[in-house]
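Reader: I would like to learn how to read a model like this one. Please take me through it feature by feature.

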Amino acid sequence: MTGLLSSVRMRWLAAIIVVANGAFPALWIVLTSFKSEAELTQKPITYWPQNATLANYIAAFRDQPLPVYLLNSAVIATISTIVSLFVSALAAYALARLRMKYRDFILTGIIAVSMFPLVTLMVPLFEIMRGLNLLNSYWALVLPYTVLNLPICTLMLVSFFQDIPRDIENAAMLDGCTRLGSLWRMVVPLAAPGVFTAGIIAFVNAWDEFLLSMSLNAATQYRTLPVGIQMYQGEWAFPWHIISAALVIAMVPIIIVVLLFQDRVVSGITSGGLKG
Amino acid sequence: MAEVALRSVTKRYGAVEVIHGIDLDIRHGEFAVFVGPSGCGKSTLLRMIAGLEEITAGEIRIDGRIVNHLPPRDREIAMVFQDYALYPHKSVFDNLAFSLKLRKLPKEDIEERVRAAAGILKIEHLLDRKPRALSGGQRQRVAMGRAIVRQPKLFLFDEPLSNLDALLRSEMRAEIKKLHQRIGKTTIYVTHDQVEAMTLAERIVVLSGGNIMQVGTPDDIYNRPASKFVAGFTGSPPMNFLPARIAASPVALEILLGDGSARLAASLARAGAYAVFANRNVEFGIRPEDLAMRRVGANDVSLPAQVVVVEPLGAETLATLQCGAGEMICRLPPNEAPAAGENISIWVNMDKFHLFDSASGSVLRAN
Ligand SMILES: Nc1ncnc2c1ncn2[C@@H]1O[C@H](COP(=O)(O)OP(=O)(O)OP(=O)(O)O)[C@@H](O)[C@H]1O
Ligand SMILES: [Mg+2]
């Protein structure tokens with residue numbers, strides 16, 4: 001096939017559209033972060049930075065306590081991801097394996113709950129955290145992020161757990177594992193692609209969250225990145241170039257996390273080994 | 001070694017009862033085979049013994065100790081699964097070593113026991129591989145290695161050979177038998193293949209629909225089946241059945257086949273025994289090898305028949321015959337095989353027939 005619309009070309013075209021659509025804004029921010037303010041406002045616009053500069057990055061660290069925000073975000077996202085994965089692994093195991101009554105009802109319930117708009121939760125969460133005296137603490141965000149990530153993590157793990165042959169667990173239990181032992185030693189490692197994918201989604205959700213973070217952790221000391229980046233904006237000024245630099249810094253950890261685990265996700269250690 | 005005792009063991013899934021109160025004793029060091037058609041509850045029964053399924057009612061004892069609520073890991077049982085259930089993320093060595101590591105054995109002991117088991121099963125060269133890099137037969141060996149390395153009291157096998165091709169299956173069958181002779185541990189083996197059951201078992205447990213149909217040695221099961229079901233389940237091809245009636249006079253016993261057109265006179269010895277069943281509607285059962293083209297024994301009786309199909313198998317030839325009462329398959333030496341369409345006389349060995357009650361299917365016991 002050499003036609004313009006051959007299926008191979010169409011596939012490439014579709015892939016390019018998807019990648020460009022996803023990558024362009026990020027790329028634009030990266031380019032902007034190396035431009036001076038003057039270059040940013042000049043017409044006609046430039047695409048490639050004319051005089052690439054690191055000044056914006058220096059300014060980003062100077063104008064706001066960026067390392068504090070980074071640390072807060074990292075701590076909150078990491079803890080909530082780990083707890084989410086732990087709890088949802090147990091829930092998913094029960095849903096995938098035990099002969100439960102109302103299993104489908106529970107699954108539907110989980111999906112329904114995950115569709116609640118966040119705004120509706122904001123006021124009650126604020127009241128609860130104030131009542132618990134947790135405003136401006138890591139807990140104020142770790143707890144809601146953990147809970148908010150449970151539905152998606154659980155659903156994802158259920159589908160992965162279901163694909164693991166029960167007899168592998170049975171063999172492990174005869175070999176000396178408890179039921180939970182076989183969950184941690186067999187099911188979770190074998191569902192690794194699912195676990196890492198769920199983990200990445202949970203981490204990114206927590207890393208990106210703005211609304212709750214802004215209302216529950218207003219103190220600088222506990223502010224997370226998305227809210228922190230908002231602080232570069234002055235009453236009169238909107239320093240695009242510096243915000244871009246801060247955004248790039250905010251993207252780096254996510255990229256590292258994804259690259260770190262993509263390998264595990266792709267390696268597909270579950271393939272083979274079961275039926276002849 | 002271990003002794004297993006089942007007392008009124010029952011399993012219900014919701015409202016459906018799949019095992020109906022089974023009583024069974026398996027002796028020290030015995031090789032017992034559960035055999036029966038698909039869905040009869042063999043695996044369920046085995047899993048209950050392993051502790052992988054709960055028992056709805058009844059009692060299971062291993063070495064006299066009630067294990068109803070003992071978790072699988074405390075039962076000292078090793079099991080080989082139909083799909084092998086190897087740990088895909090562990091190497092062959094770690095598959096074998098897993099149970100020993102959980103029991104915190106010293107590293108050298110683990111190494112030694114794994115190497116010994118691998119040696120017995122000839123998989124030493126595979127120890128570094130992952131299961132996905134193994135052939136079906138090799139996976140089977142690893143699964144068996146994982147079972148023997150534990151040195152359990154009791155071995156359970158759930159159709160371990162059903163994923164292998166015919167050649168490998170008979171090779172592994174011999175291997176399993178050798179292993180049992182060497183280790184001598186109590187073994188329960190599930191299969192739906194009656195050939196496996198006959199060749200491996202010291203005792204066969206025939207199951208159907210969640211009930212035990214018969215327990216006995218392969219010889220018992222084959223030559224003294226307790227019911228039409230058992231008789232029809234063993235042998236390949238299985239026993240022939242023809243509807244019949246028993247006609248008895250004080251001096252002779254005759255079996256009227258089908259419409260009554262054919263009469264088979266029973267040998268004197270058996271006539272007396274069956275006299276009490278006179279006028280009963282029965283199923284007349286005869287194995288393919290107890291039919292012949294010529295008279296062999298004094299008690300042979302001939303029957304007119306037409307040859308329908310002839311199937312040469314090399315060492316023997318199977319011929320399907322149509323006689324007045326129905327179809328029969330006979331097993332013949334190849335040089336005696338008739339041609340399809342031929343009208344022949346087939347000789348029935350009247351020392352070997354079985355009679356089953358038409359209604360209940362249970363054997364009519366000659367006493
Ligand atoms: N989890 C379950 N829920 C409901 N019924 C079940 C369940 N597991 C098994 N059964 C039923 O129990 C009966 C026995 O099943 P089992 O797997 O023991 O049969 P089997 O003799 O091993 O058959 P096969 O030779 O096909 O493996 C079957 O009728 C099956 O449908
Ligand atoms: Mg089965």
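Author: Start with a helix. The buried residues of H1(B) are B:Lys42, B:Thr44, B:Leu45, B:Leu46, B:Arg47, B:Met48, B:Ile49 and B:Ala50. Buried means under 20% relative accessible area, exposed over 50%, partly exposed in between (1.4 Å probe, protein chains only). Helices (H or I, at least four residues) and strands (E, at least two) are DSSP runs, numbered from the N terminus.

Reader: What ground rules apply?

Author: This is a predicted model: local features need pLDDT of at least 70, side-chain atom pairs count only at pLDDT 80 or more, while totals for chains, interfaces and linings use all residues. Residues are numbered from 1 along each chain as its sequence is written, chains are lettered from A and ligands numbered from 1 in the order in which they are written, and side-chain values use heavy atoms, without hydrogens and water.

Reader: Is H1(B) mostly covered or mostly open, and how many of its residues are buried?

Author: An α-helix has 3.6 residues a turn, so residues three or four places apart point the same way. H1 (residues 42–50) of chain B is mostly covered, with 8 of its 9 residues buried. Just after H1(B), B:Gly51 has a positive phi of about 90 degrees.

Reader: Which way do E1(B) and E2(B) run, and how many bridges join them?

Author: Two strands pair if DSSP finds at least two bridges between them. E1(B) and E2 (residues 16–26) of chain B run antiparallel, joined by 7 bridges. B:Ala5 has B:Asp25 in E2(B) as its bridge partner. The two strands form a hairpin with 2 residues between them, and B:Gly14 in the turn has a positive phi of about 60 degrees.

Reader: What about E4(B)?

Author: E1 (residues 4–13) and E4 (residues 57–62) of chain B also run antiparallel, with 5 bridges. There, B:Leu6 stands opposite B:Ile60.

Reader: How many helices and strands are there in chain B?

Author: Chain B has 9 helices and 20 strands. Of its 367 residues, 53% are buried.

Reader: How do I read the interface with chain A?

Author: The size of an interface is often given as the accessible area lost when the parts come together. Here, chain B and chain A bury about 2400 Å² between them, 60% of it on carbon and sulfur atoms. Buried area is the accessible area (1.4 Å probe) that two parts lose on being put together, summed over both. In chain B, B:Arg73, B:Pro88 and B:His89 lose the most area to chain A, together 23% of what that side buries.
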